Number of protein chains: 2
Amino acid sequence: MTRLRFAVLGGTGKEGSGLALRWAAAGHEVTLGSRELDKAGRAAAELNTTLGQNSVRGMVNRDAAAQAEVVVMAVPYAAHASTLESVRDVVQGKVFVDVTVPLDPANVRRVKMPAAGSASLEAQQLLGETVRVVAAFQNISAEHLKSLGREIDCDVLVCGNNSDAKNLVIELAQAAHMRAWDAGPIENAQVVEGLTSVLINLNIKHKVKASGIRITGIQRS
Amino acid sequence: MTRLRFAVLGGTGKEGSGLALRWAAAGHEVTLGSRELDKAGRAAAELNTTLGQNSVRGMVNRDAAAQAEVVVMAVPYAAHASTLESVRDVVQGKVFVDVTVPLDPANVRRVKMPAAGSASLEAQQLLGETVRVVAAFQNISAEHLKSLGREIDCDVLVCGNNSDAKNLVIELAQAAHMRAWDAGPIENAQVVEGLTSVLINLNIKHKVKASGIRITGIQRS
């Protein structure tokens, strides 16, 4: 696929930096976003060391989003609404990939969706209909992402209301060596976000770091 | 495991009769429940023909539930509340397995949970706290269940607030040759119920009859 300009907001966190690492390794132009410029710069420098090349940059979230073609957001749920507000005007017309999971700090093993139905439905409502919000990657353990050579034994379920945007995200998942599926409209993201709590529950119970899911029963070329 | 007395309410439907078939084949005592006695009797006779033995009986839902140790319900969502009402007093203190998926007739590919949060949360509320409601089997295609010899390439996610009841259901899944996992409290059933819409979406898109999911990343004996 063509080289794309990415922003990964919340890119200093484990999940965001893991995704950024894989896209940078696939040859995309990646900018990490953070609330603090210094923090973004340090995280970018770390990724560049891992990559052995000087390709990832750090910016504050808003600047990172403004210069990007595709904006990915992986922030703790507590920072979800405020981060969306801070970038709303600079992401209009863009593909916006929400990786956020609305975990309940009181019990991360129990599914508790926000009143809007899910984090990505909140994003769609807050950003407006001209932003093509796609929900994806919520179930991929950061543990998996950081080992570049490792096959990721977890499928990506991709939800959204714009098919072109979903197809782009499916390609982006493939570029990062993951298998991805169109999981339906944005309303279905509540399932994918909630599945993260089910997997956390399994991780704790079975003392593993990265349980995942695979779709079965479909042959694909 | 010991031989158990099962009722499968809505046992004349595809999903219910598929589960009944597998438990009868595993040596359990199974009664199909239906709103109409005749219909239950005919469906039981069909299963007995498939099994080559005369072990499955048919009763009206309430009678089937009354005589059972474990009550399983697999009805269309439109009949969910009324079926629960009809058996409430005879399932007190029992394990009640809700297989119901609240599909939206307007669009079965889009997740739409009822106001209570999920079908099984509605069941728990309607039946009361002394009934050990367990949500399970919603993602298992009836297509898979009816072929007795066939390995089911889909895991069962089991949700509920009572660990003993969940462990029993995990054993029951294993007796029917399925792999099952404790997926957390009853609140997590919204994920499992909603996943059915995601799988229906995949079935339609990829022209298959029985997509499913598998949990990965956990070694089990």
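**The interface of chain B and chain A**

Across the interface of chain B and chain A, two salt bridges are found (a side-chain nitrogen of Lys or Arg within 4 Å of a carboxyl oxygen of Asp or Glu). In one of these, Lys205(B) is bridged to Asp182(A), with the closest N and O atoms 3.2 Å apart. The model is a predicted one, in which local features need pLDDT of at least 70 and side-chain atom pairs count only at pLDDT 80 or more, whereas totals for chains, interfaces and linings use all residues. Side-chain values use heavy atoms, with hydrogens and water left out, residues are numbered from 1 along each chain as its sequence is written, and chains are lettered from A and ligands numbered from 1 in the order in which they are written.

The contact (heavy atoms within 4.5 Å) takes 33 residues from chain B and 33 residues from chain A. The area buried between the two chains, that is, the accessible area (1.4 Å probe) lost on putting them together, summed over both, is about 2,800 Å², and carbon and sulfur atoms give 64% of it. Of the area that chain B buries against chain A, 19% is supplied by Val191(B), Thr216(B) and Ile218(B), more than by any other three residues.

Strand β9 (residues 212-216) of chain A pairs with β9(B) in the antiparallel sense over five bridges, where strands are DSSP runs (E, at least two residues), numbered from the N terminus, and pairing requires at least two DSSP bridges between them. Within this pairing, Ile215(A) has Ile213(B) as its bridge partner in β9(B).

Notes. Helices (H or I, at least four residues) and strands (E, at least two) are DSSP runs, numbered from the N terminus.
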